[in-house]
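Morning, everyone. Please have a look at the structure on the screen, and I will walk you through it.

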Amino acid sequence: MKLSEIKQILNTVEAVNFQLPDGSYVPEYFHVTEVGLITKNFIDCGGTVRKETVVNFQLWNANDFEHRLKPQKLIHIIELSEKVLGIEDFEIEVEYQDHTIGKYDLDFNGKDFQLLNKHTACLAEENCGTPKEKAKLNLIQLNKENNNSCTPGGSCC
């Protein structure tokens, strides 16, 4: 989800709720303690230099159980961050500490924001030497390809 998308959504919802990948929710008294711009410069295993930039939201729970972040307050925080840090319309990454600090992609299901697990991937598979995925066959297909094999009910065994 891009920054412009969350701002549009925040203008239509009454509450800001974040659902974790396991279906549980970030406690409703969370704070957004940081909105930042993270740029990662790196080289992939194929030797290509790459640059990735994301807007980072850090969620944090405090002991102020009465706290509730309203949608308009989050829009204000985002707009201040855009102005002060010069943030553009990048994808959002959310940091939240459960057992350890996790980084999540962000989506919206029509009611709640969803924290989605991030995954690693090889960006240079053609240079990496990883084996191509083998074709998956059903056992019935193997039997058709091998005329000498037994089939269920074939009375060959």
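First, some ground rules. This is a predicted model, so local features need pLDDT of at least 70 and side-chain atom pairs count only at pLDDT 80 or more, while totals for chains, interfaces and linings use all residues. Residues are numbered from 1 along each chain as its sequence is written, and side-chain values use heavy atoms, with hydrogens and water left out.

Now the layout. The protein chain has 4 helices and 6 strands. Helices here are DSSP runs of H or I with at least four residues, strands are runs of E with at least two, and both are numbered from the N terminus. The order from the N terminus is α-β-β-β-α-β-β-β-α-α.

How much of the chain is buried? Of the 157 residues, 29% are buried. Buried means under 20% relative accessible area, exposed means over 50%, and partly exposed is in between, with a 1.4 Å probe and protein chains only.

Next, contacts, meaning heavy atoms within 4.5 Å. Take the contacts in the protein chain with a separation of 6 or more: residues 24 or more positions apart account for 63% of them.

On to the rings. Rings of Phe, Tyr and Trp (its six-membered ring) pair if their centres lie within 6.5 Å; planes under 30 degrees apart are stacked, over 60 edge-to-face, and the rest tilted. By this rule there are 4 aromatic pairs. One of them joins F18 and F30: the centres are 5.3 Å apart and the planes stand at 80 degrees, so this pair is edge-to-face.

Y29 lies in the loop between β1 and β2, and F65 in the loop between β3 (49–61) and α2 (71–85), so the pair ties together parts 36 residues apart in sequence. F65 is partly exposed, at 46% relative accessible area. Ring pairs also link F18, F30, F108 and F113 into a cluster.

Now the largest pocket. A pocket is an open set of points on a 1 Å grid over the protein atoms alone, where a 1.4 Å probe fits, with protein on both sides within 12 Å along at least five of seven lines; lining residues have an atom within 4 Å of a point. The volume is about 550 Å³, taken as the space filled by probe spheres set on the points, which are joined across faces, edges and corners. There are 18 lining residues, and the closest to the centre are K40, E52, E93, K118 and H119. Strands β2, β3, β4 (92–97) and β5 (101–108) each supply at least two lining residues.

Last, two residues. Is N56 buried or exposed? N56 is buried, at 3% relative accessible area. N56 is in strand β3 and touches E34, V35, G36, I38, E93 and E95, not counting residues up to four places away in sequence.

I43 is in strand β2 (residues 30–43). At 55% relative accessibility, I43 counts as exposed. Leaving aside neighbours within four places in sequence, I43 is in contact with T48 and V49.
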